[in-house]
Amino acid sequence: MRRRVGGADLAAVPEVRHALREMLGHWRERDSAEVAELLISELVTNALVHTETGAVVTATVADTRLRVEVRDFLAVLPRPPLPGRPVPDDATHGRGLALVRSLADDWGIRSRPVGKVIWFELNGAAA
């Protein structure tokens, strides 16, 4: 799956989630698919809220591993909350990457010549 989402187009979040759901329709591991929908929603929302240029979302399944990447075109790297340090209840930001960190089997942030990619991977049983 590959989708381009426009800057500040928050209607794209459920569209991307739905496209991922369709892509993973044959994945036997339903729990992993539901986690993937939550995490892709968080990353796409972050990209749209914090940048004006939109993002490119890709998702691939190889064997039993799902990899999702959200690339935006803003060079500023996010500062995820430190492990073991909860996000304050009154904070308006910071939970998305904390969710990714706690629920993904692997994840990371990679600088690009223009922008960055935030990615996560989940293990599951492919159909």
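Predicted model: local features only at pLDDT ≥ 70, side-chain atom pairs only at ≥ 80, totals over all residues.
Of the 127 residues in this protein, 38% are buried, where buried means under 20% relative accessible area with a 1.4 Å probe and protein chains only, exposed means over 50%, and partly exposed covers what lies in between. Residues are numbered from 1 along each chain as its sequence is written, and side-chain values use heavy atoms, with hydrogens and water left out.

Let me begin with the elements. The protein has three helices and five strands, and from the N terminus on they follow the order β-α-α-β-β-α-β-β; helices (H or I, at least four residues) and strands (E, at least two) are DSSP runs, numbered from the N terminus.

The five strands form an open sheet with antiparallel pairing, in the order β1-β2-β3-β5-β4, and two strands are said to pair if DSSP finds at least two bridges between them. Because β1 (2–5) and β4 (106–111) stand at the edges with a single partner strand each, one side of each is left without a neighbour in the sheet. Neighbouring strands are turned by 15 degrees against each other on average, direction ignored, with axes taken as lines fitted to C-alpha atoms, for helices over the stretch in contact, and angles running from 0 to 180 degrees between N-to-C directions.

For β4, six bridges join this strand to the antiparallel β5 (residues 116–123), and I109 has I118 of β5 as its bridge partner. Helix α2 (residues 30–50) packs on the sheet, where α2 touches β1, β2 (55–62), β3 (65–72) and β5, and the direction of α2 makes about 170 degrees with that of β5; contact here means heavy atoms within 4.5 Å.

Leaving aside neighbours within four places in sequence, V44 is in contact with V5, V13, V16, V57 and V70.

Finally, R67 lies over the face of W119, at 4.2 Å from the ring centre, the rule being that NZ of Lys or CZ of Arg is within 6 Å of the ring centre and within 35 degrees of the ring normal.
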